[in-house]
Structure formats: structure tokens, C-alpha cells
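Have a look at the model first, then read on.

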Amino acid sequence: MVNGPEQRSSEADELASKLAECAREARHQAALLPEGPVRDALLEKAKHYEAQIPADPTYKT
């Protein structure tokens, strides 16, 4: 197995995609809830996921 720049880039892309998906899912779940602490916690979780996504315009939440 080769651990070159291509693999690191692929792993970074995969991680960023997973983070974006988790953020989208948390926001989706929050949208289904009335205002309150659970909704706020989901929105906070989404923000944490988004903060970990590399600054690259190809990753959208």
C-alpha cells in the first residue's frame, strides 16, 4: 500500500465529505424539532462539524 499525497488527499476528501454529511444531518434533524435545548444542541453539533471542514468551496453543507 502506498501512502503518497494522493492517498492523503483522498482521505482528507473523504473526511471532509463525512463531516459535511454529519452537519447536514444534524441541521435536518434540528429543523424537525421545535425550539428548545435539543434543537439548540443539534445546531451546535452542526457548527462543530462545519468548523472541522477544510476551507475549500467544494465542500458544502
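Glu-50 counts as partly exposed, because its relative accessibility of 22% falls between the 20% and 50% cut-offs. Keep in mind that we're looking at a predicted model here. What does the side chain of Glu-50 meet in a salt bridge? Its partner is Arg-27, at 3.0 Å from N to O. Arg-27 sits in helix α1 and Glu-50 in helix α2, so this pair ties together parts that are 23 residues apart in sequence. Arg-27 is partly exposed as well, at 33% relative accessibility.

In general, side chains of opposite charge can pair when their charged atoms come close. The count of salt bridges in this model comes to three, and here they are side by side:

| Salt bridge | N to O distance | Relative accessibility |
|---|---|---|
| Arg-27 and Glu-50 | 3.0 Å | Arg-27 33%, Glu-50 22% |
| Glu-14 and Lys-18 | 3.2 Å | Glu-14 44%, Lys-18 49% |
| Arg-24 and Glu-21 | 2.9 Å | Arg-24 34%, Glu-21 40% |

Now for the pairs inside helix α1. Glu-14 and Lys-18 are four residues apart in this helix, which spans residues 5-31, so about one helical turn separates them. Glu-14 is partly exposed, and Lys-18 counts as partly exposed too. Arg-24 and Glu-21 are also both in helix α1, this time three residues apart, again about one turn of the helix. Arg-24 is partly exposed, and so is Glu-21.

Away from the charges, which residues form a nonpolar patch on the surface? Leu-32, Leu-33 and Val-38 do, and together they have about 280 Å² of accessible area. Val-38 belongs to helix α2, which covers residues 37-52. Is Val-38 buried or exposed? It counts as exposed, because its relative accessibility is 57%, and the cut-off for that label is over 50%.

Zooming out to the whole protein, the secondary structure is two helices and zero strands. Of the 61 residues, 18% are buried. As for contacts between residues at least 6 apart in sequence, 51% join residues that are at least 24 apart.

Notes:
Residues numbered from 1 in each chain as written. Predicted model: local features only at pLDDT ≥ 70, side-chain atom pairs only at ≥ 80, totals over all residues. Heavy atoms only, no water. Patch = residues over 30% accessible without salt bridge, like charges linked within 9 Å, V, L, I, M, F, W, Y side chains within 5 Å. Areas by Shrake-Rupley, 256 points an atom, 1.4 Å probe, with all protein chains shown as cover. Salt bridge = Lys/Arg side-chain N within 4 Å of Asp/Glu carboxyl O. Buried < 20%, exposed > 50% of the residue type's maximum accessible area, 1.4 Å probe, protein only. Contact = heavy atoms within 4.5 Å.
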